[in-house]
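Hi,

Here is the structure I said I would pass on.

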Amino acid sequence: MFILTVICLSLGFVVALLSLAMLLLSRKSMLIFGKYPVKGVFYWLKYGIALLVLRQLRYRIYKRNEELLSSPEHLATLDRPQPLTNDPKSYDVVSFMAANAAGQKLMVTLERRRLGVLKAALYLWLPGEGLYCSPKLPDMVHFTTDGQQESSEFQGAGFHIYPEQSMRSWRLKYNGQLRHTTETEMDSETESVEQQLLSVQLDLHFKSTADHFNYNRDLSSSLIADSIAREAWNDSFYGMLKSVGHIVEKRTHYEQSGDLEGSLVLGDRRRLELQMRGFRDHSFGTERCLSSINRYVYFALLLDDGSSMVVGNLSQPSFFLSSLKMGYVRTPKGVYHSITGSNFELYSYGEKGTPPQHQNFIVYTEEHKYLVQIRVEHSAVRYVGGDWESKVYNQFVACTVNGITGQGHAEYLYRHSSGRPETVSGQDPQWYQRIKRFERSMSNLDLANEEDFIF
């Protein structure tokens, strides 16, 4: 009887300690601007736990399946237009960002959605001439079918983007119009002047011999653990943990460095040969949830010594990632080094809704420290999502990293709650307008979460 009593008391003591530990771990850290948690009292304990769990999870999903995941058959399946599932939020996105030492910069993104909906944007920055962009911007929504058919490739609105050899070569074509914006100096101020639409033919090859950087697999575990350790580990957090495997399966994003070369014909006669270095990324799944993203900032930098760098910071509190830093450095020889730390904080850069024109920050890899200096040359605005859930500032930048000059791109995304204006949505096909009215009616009846947007 005495032994049984001791065992019961011991178990009760252990349960009490575990309950106390969970209570303490659930405490909220102090928030900067009510959004960004600082390191709390139990940060290092939570950091150690999160790091251990992340490493085990990555070993189970990736490391022990490395041979399969690196096979040519798997890569060929991965690096092609993905079939959109029956899930209404299914998406498939391919994007390119490129630049050269002369300061020319190109950004193209195409997002396939259900029923032939295509979200597209193209920006071409030419120094001394100004910006050429897709004529429908800042709206990105295009329609490639009558709403009765699904798309099977990245094609529509004048674009056709397709792989020629998986993980090695992609073709990027555009045959349509671009809107030209120039800048003039007037009384010490810069003023944008709209020009007429120009017919354009763009034919580019993206070629790469580099491996790809898979964010689920290759992003620094220490950066993810840092973000998670700042959060309150409450009931909602533990509920999210149960679906981590599902979330990973529903969101894939990878990037690859390479060269972008080809021709551009502007108007009837003018022809340019473009040679740039850049990045290609591919994202697909069913859990993009743009409307749940508070903010993100993303830099893609191409340096004159042949190296490149991606630096970002994402705020998505609903996934307990209020400030997730990310990125990598790619050496001239093609080796990726994950960023392990950065002093780039969202609350210090553009928190009030206006991105800064100059940015200076430090990033770290396991072996090196980098001082990054950014100067914005021009910027443009676009809206992302079927209801304009997000507002994105695309910046075309010059940079210096540890004294090495370069060119690149920056994106500042903010949550946008004003919706897509009637002057824009009123031009959509009737079938799409009916779908959007149905979505709004469901939302008004509280039968759908405000974050669940089909398109």
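A definition to begin with: rings of Phe, Tyr and Trp (its six-membered ring) pair if their centres lie within 6.5 Å, and planes under 30 degrees apart count as stacked, over 60 as edge-to-face and the rest as tilted. With that in hand, F213, Y215, F279, Y328 and Y336 form one aromatic cluster.

Some housekeeping: this is a predicted model, where local features need pLDDT of at least 70, side-chain atom pairs count only at pLDDT 80 or more, and totals for chains, interfaces and linings use all residues. Residues are numbered from 1 along each chain as its sequence is written, and side-chain values use heavy atoms, with hydrogens and water left out.

On confidence, pLDDT is the predictor's own score for each residue, from 0 to 100. The protein chain has a mean of 87, with 87% of its residues at 70 or more. Helix α1 (residues 2-25) is lowest with a mean of 43, while β22 is highest at 98. (Helices are DSSP runs of H or I with at least four residues, strands are runs of E with at least two, and both are numbered from the N terminus.) Where pLDDT is low, the predicted coordinates should not be read in detail.

Now the sheet. Nine strands make an open, antiparallel sheet in the order β18-β17-β16-β15-β23-β22-β21-β20-β19; two strands pair if DSSP finds at least two bridges between them. β18 (336-338) and β19 (341-342) each have a single partner strand, so one side of each lacks a neighbour in the sheet. Two bridges join β19 to β20, and G341 has Y364 in β20 as its bridge partner.

Back to the rings: there are 27 aromatic pairs in the structure. One of them, F299 with F361, is tilted, at 5.3 Å centre to centre and 35° between the planes. F299 sits in β15 (residues 295-303) and F361 in β20 (residues 358-364), 62 residues apart. F299 is buried at 1% relative accessible area, and F361 is buried at 1% too (buried means under 20%, exposed over 50%, partly exposed in between, with a 1.4 Å probe and protein chains only).

Y393 and Y414 are edge-to-face, because their planes are at 85°, with centres 6.0 Å apart. Y393 is in β22 (residues 390-401) and Y414 in β23 (residues 404-415), so this pair ties together parts 21 residues apart in sequence. Y393 is buried at 16% and Y414 at 8%.

Cheers
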